[in-house]
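I opened a new page today to jot down what I look up in this structure.

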Amino acid sequence: LADESGMPPTADTAANMVAYANLTKGYGVHYFAIGNEPDLYATQGSLTNSADPAIPGYTPEQYCATARDFVTAMKAVDPSIQIVGPDLSWHYVPGNDWLSPILTDCGDLFDIVAIHRYPFSQEQATLERAEADAAAFASTITSVRALMTAAGQATKPLALTEMNVVY
């Protein structure tokens, strides 16, 4: 939630990153994400105390406004890049769903829809639970795919860009 100088990043920051990676250095980076676990910004992740909110009151609507500005600036520099996101931590479940409003409001920005999945706390992570998690994992994919379909984003790939049995 900060650029290299400690300030909030801007669309120009994002565009400059793409320009540096792909034009200046010629790295050919194809995939970029906008933020990481934005569904947690309102509750944790402050740069001075990670238990404090990074952005108090942060909403899916604010994420979409930022994402739209960033993606527009980034693709102006290199239209070949693909945008992966929103990389939600877990707020894609019934009763606590950030994915639906994001996909409805700004799903057009994402070439690949991405979520994270960490099903257990450390104390709960056992071999037996991990082996038994296959059905819950399949259910998560089915549920997220249904949200994508409902938001008109069914044809896009779904990625799990962070995943483990324990958080």
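**Starting at one threonine**

I began with Thr140, which sits in helix 5 (residues 134-150). Helices here are DSSP runs of H or I with at least four residues, strands are E runs of at least two, and both are numbered from the N terminus. A note on the source: this is a predicted model, where local features need pLDDT of at least 70 and side-chain atom pairs count only at pLDDT 80 or more, while totals for chains, interfaces and linings use all residues. Residues are numbered from 1 along each chain as its sequence is written, and side-chain values use heavy atoms, with hydrogens and water left out.

Is Thr140 buried or exposed? I noted it as buried, because its relative accessibility is 16% (buried is under 20% relative accessible area, exposed over 50%, partly exposed in between, with a 1.4 Å probe and protein chains only). Leaving aside residues up to four places away in sequence, I found Thr140 touching Tyr92, Ile115 and Arg117 (contact means heavy atoms within 4.5 Å).

**Helix 1 against helix 2**

Next I looked at helix packing. Helix 1 (residues 11-24) packs on helix 2 (residues 60-77) at an angle of about 30°, and their axes are 8 Å apart. The axes are lines fitted to C-alpha atoms, for helices over the stretch in contact, and the angles run from 0 to 180 degrees between N-to-C directions. I can therefore call helix 1 and helix 2 roughly parallel (under 35 degrees; over 145 is roughly antiparallel, 65 to 115 roughly perpendicular, the rest oblique).

Which residues make the contact? From helix 1 I listed Ala11, Ala14, Ala15, Val18, Ala19 and Leu23, and from helix 2 Asp69, Phe70, Ala73, Met74 and Val77. Sorted by class, this contact of helix 1 with helix 2 has 10 nonpolar, no polar and 1 charged residues. In that sorting Ala, Val, Leu, Ile, Met, Phe, Trp, Tyr, Cys and Pro are nonpolar, Asp, Glu, Lys and Arg are charged, and the others, Gly among them, are polar.

**Helix 3 and its partners**

Helix 3 (residues 99-106) packs with helix 2 at about 40°, with axes 9 Å apart. On the helix 2 side I wrote down Pro60, Glu61, Tyr63, Cys64 and Arg68; on the helix 3 side, Pro101, Ile102, Asp105 and Cys106. I checked Pro101 separately: at 28% relative accessibility it counts as partly exposed. The C-alpha atoms of Pro101 and Pro60 are 6.5 Å from each other, though 41 residues separate them along the chain.

Then I went back to helix 5. Its axis and that of helix 3 come within 9 Å and cross at roughly 35°. Leu99, Ser100 and Leu103 of helix 3 meet Val144, Leu147 and Met148 of helix 5. I sorted these into 5 nonpolar, 1 polar and no charged.

**Last entry: rings**

How many aromatic pairs are there? I got 3 aromatic pairs, where rings of Phe, Tyr and Trp (its six-membered ring) pair if their centres lie within 6.5 Å. The ring centres of Tyr41 and Tyr58 are 5.1 Å apart with planes at 45°, so I logged the pair as tilted (under 30 degrees is stacked, over 60 edge-to-face, the rest tilted). Tyr41 is buried at 10% relative accessibility, and Tyr58 is buried with a relative accessible area of 10%. Tyr41, Tyr58 and Trp98 form one aromatic cluster.
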